[in-house]
Amino acid sequence: MYNDRSNNNVSFSKGIDWLIPFLYAILLAIGVLCIFMVEYKTDVNWASSLFSGKTNYSKQLIFAGICIVIAIIILLTDSKFFTAFANLFYVFGIALMLATFVIGKNINGSRSWIPLAGGFNLQPAELCKIFAALAIAKYVSRQDLDFTKLSAQIIATVLAMTPAVLSILQNETGLALVYLSFFIVMFREGLPGWLLIVGFSAGALVIATLIMEPNTLAILLTLLAGIAIYILRYQVKRNKSVLTFIIIIWVVCVGIQRFAVPYVFNNVFQCYQAQRIYSMVGKDYDCSHNRSSRDRVDKEKAVKKPDDYNVRQSKIAIGSGGITGRGFLKGTQTRGKYVPEQHTDFIFTSLGEAFGFTGCFIFLMLYLLLLMRIIIIAERQRSTFSRVYGYSVASILFFHIAVNICMTIGLFPIIGIPLPLISYGGSSLLTFTILLFILVRLDADRQMVLR
Amino acid sequence: MPANNQSRSRIIQVIFIAVFLVIILQLLNLQLFSSKYRLQAENNARYRKVIYPDRGIIYDRNKKPILENTIMFDLMVTPSEIRHTDTMALCRILGIDSLEFRKRIIEAIFKNTRVRPSVFEPLLSPQLYARLNENIYKFPGFELHERPVRVYPYHCGANILGYVGEIDSNFLKRNQGRGYEMGDYAGLAGLERTYEKVLMGQRGINYFIRDNKSRIQGAYEGGAYDTVPFAGRALYTSLDVELQQLAERLLGNKIGSVVAINPKTGGILAMATSPSYDPNMMSGSEKRKNYGRLALDTARPFLNRAIKGQYPPGSTFKPMGGLVALDEGLITPSYGYGCPGAYTACGITIRCEHKGGGHASNLRHALANSCNSYFSEIFRKAIDNPRYKNPRLGYLKWKEYMNSFGLGVKLGIDLPSEDAGNIPDTSKYNRDFGGPRWNSCNIVTLGIGQDRMLATPLQMANLMCVIGNKGWYYTPHVVDSVERETIEDTVYLGRYRKKHAVVHMSDTAFNAIHLAMLDVTLVGTAVAAKIPGIDICAKTGTAQNPHGKNHSLFVAFAPMNDPKIAIAVVVENAGYGAVWAAPIASFLMEKYLKGSIDSARLSEVDRIAKADLIPDAIKNWYSRKEAQKHVRQMEPTQIEFKNTDEHPKLIFDPEAEPNRKPQRADTELNRQFMVPVDSRKKPKQQR
């Protein structure tokens, strides 16, 4: 492998998997290019504005420079450092998140930022992803731990969900959802398989509830229960508890469909959240059912009409790309600034418009290659810590990529999470850099057993 | 332990790949299989700007521009850029209050959003422009935007030249695919309308990229799809603008029309109608207001009486009767009729102005003396022509002649909405007389240009071309040629370059008619029209009509041996043809043939131009309008509303509105108000 070839290099490069830094560099370059496309104006000299540091793409370049320095520092660090300080980092992260409630700065309605010097802001919930990944890896890799036990699973879940809950309290739902990706890691480490099935079924049921007429779905569920009883009629004869079990499932399903989902949508979600979810399945949500908007009506007397402007414009931009795209800097939707938040959450649209399906496909393949490489790396680790950490990185990246892109192409409700390494934003770029390079560092030392 | 969950790694990888597959499938769907997104993107971001070329210029026969373009200015506003604007000063200059100001701003935002400019005040008057231009720096958010406007430098020819106006949805439907858009201007009347295709030129279209607030970002695809505008092409007309001006001046304070044609080409030299209006009223800032006023005017200034006024030609028709009889070989120029002062052969008495003395001893004398009996007789000869089996067939032949002269059919001039006049069909008479039982006696007054015969002044002038040219004419037209003539134009103008030969007679026969018409100005009814040194062939007419006093008609061509101008003049309700119509025609011919009017006659021109021959009914209408205006201008408190039993709405003037019938039987009340109050007083004031 690569480590043989780099024998004559300085010690830190020994054993490094060069494919990941290589992919990292390519993605970073694509990201800066995409931001440049979004910001580009014909009448402004781009060369001079590049070095002025005022435009977003020049800022992103500065962030990239900082990140590369940090990446090198990480590669120079001893692997044991990460295992040793994993728990401490986690406590530090949680403390930072709690600190936002006191010294936090409100940006775009979420109080999750800590202002730093020089006009930069730090979002602890981003960094906490690294710390949570390290902490879970640390916990799971404990020598006396049997992850098949429920208590261990619960403790790991609590570790993963604490930052998520804090994030929700900061009104940053998007980032909170990212912590769900740790379930993929735990699944790998022995979380029972039926949970996956239940999870998928629950998701299917919720979507079915949104799409279908309540009564039709109830009849359908009843029919399914009937068919199950018919198929299992001999077992039912022998053991009555099977029947009870089926009936309980049926009751729960109908309960979710009938009461739980409407209740959550009307009373837990904000109006805009409910609208986004409904618009994903192509339906309108009537805000007058929503409690929070009703409260607001009393206060402000006006509720905005349902608006799927973002998704619509995003789909138009991507759809107009066609097979080969409009060409670099020729996308009319990008230049016209039709897609809101295009340099951050909707950065994929500029790529889709400029380079079309071909460009998107190549881009997605790069991501997939990165993910697969990370999984391969994770699987080849001798220490559980490194493996769990590797899966954490893969899961977090995957969740970000999948949700962000699905959101721009209308397959997922809009939640504000960035596209890794592409979206504009220092916090996010720094987080992913650290996540990836810690893994590269750990992998370089894969012969060691880390705990 | 690590090994126990190895298979889960596969599951995770499968999940990753599956999700990526779903994403790729959706991308395929969006980017390859739905074309609507491309379209929506174009709609979003492509801004189509139409570049309007200058409209074509219209020239008279001496290449003087009679309709051209000038630049006027619109005051534009971009609401989002209004900052520290001195609104009060602007309101003062424009003469509006702050309420109106606010209303217009809201309208502008509503129409074009706050970031795009909209028209705040269109087509500023020169004074207003001057004042705004020097103060515009005080009004951020406002700017002056130039716009080409049509101008008529000679202030004449409104009914020929026409005007442009905003198109409506019907126009759009009729002209689909020609590049018009809502809000565009197109020729709506006159030459502007007929030659719209030539005058409009070819529009250019520029595509721009615009952003989410509709601000222009730059050219679309580097201007690859842009097209360049081509200016409208010029029209070269046969009009003589000085003659036109004189004709309009002479018709001042009268209702009537003048048509002068160059018989050699069929080109219209002048075509005046009265009342008319200054064509500049229909372009520029006051346009809408003026249009409302003109359209409601009871004297109908928009009516082009030269092609839409239908009059009984009366005696002016007599030369035609002679032509038909000669061409059919029914008479010779020496044919005579012993007129005893009236024509009684049909049981009714048609009076003649002359009595005995051989005033109808041959065609020349009969025509010069305008003998009713003579022309009644030869008309009957034509109808009862033994060559055709019965009077109906004889009449049909006669009607064929009339139609070939251009009577009773549209001549096809290049102006919109020409009227055909009327030469009745046999079916009309069949209905009148209860079947085909009528004979030449029943319709004998057709022979002297009465009965149901109606002709437009254009048709009358065209008849003079036929006689002057000895049997042929070109279809009258205004436009002689078009700049950079295309094949399409040539096809269109071809109809005006074709000679129509309508009768084939010996020169002697024509000479008889010419000499007879020459006699009219030498010794006959139109001595007043005589111009020293020019042989004018003319015929007066005094047409009886159901609207009141006789119409004064006069037709002529000159010089006799080499006709250069053919003319027809109609002055409504003015009495004898010789009194008003003849001098008008005489001045116009002198002006055209000699270049100017003899100074000795200029005072006469003035007298005619100032003579007021507008019927009382119309004057009443004007004075009533004037009174209403005064009432409106008065302070509201000064108006007393009395509860009287008068019903102003029921009052109408039967003279002004001859076609309207009194409504229902409740007219007991009506009748006492049929004559408006002020019209009863008016005559006394005048005397």
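Two residues are in contact here if their C-beta atoms, placed from the backbone, lie within 7 Å. The structure is a predicted model, in which local features need pLDDT of at least 70, side-chain atom pairs count only at pLDDT 80 or more, and totals for chains, interfaces and linings use all residues. Residues are numbered from 1 along each chain as its sequence is written, while chains are lettered from A in the order in which they are written.

**View 1. Where chain B meets chain A.** Chain A brings 39 residues to the contact and chain B brings 32. On the chain B side, two or more residues come from each of α1 (6-33), α2 (36-45), β8 (204-210) and β9 (216-219), helices (H or I, at least four residues) and strands (E, at least two) being DSSP runs numbered from the N terminus. With 16 residues, α1(B) supplies the largest share of that side.

**View 2. The largest nonpolar core.** Here you meet 137 residues, with Ala260(B), Ala556(B), Ile567(B) and Leu588(B) making the most contacts inside the core. Such a core is a set of buried Ala, Val, Leu, Ile, Met, Phe, Trp, Tyr and Cys residues joined through C-beta atoms within 7 Å; buried means that 20 or more other C-beta atoms lie within 10 Å of a residue's own. Among the residues that Ala260(B) touches, leaving aside those up to four places away in sequence, are Leu243(B), Ile567(B) and Tyr592(B).

**View 3. The β18(B)–β19(B) hairpin.** Two residues separate these strands of the hairpin, which run antiparallel and are joined by eight bridges. Lys539(B) sits opposite Val555(B) of β19(B). In β18(B), residues 537-545, seven of the nine residues are buried.

Terms used: Buried ≥ 20, exposed ≤ 12 C-beta atoms within 10 Å, placed from the backbone. Pairing = 2+ DSSP bridges.
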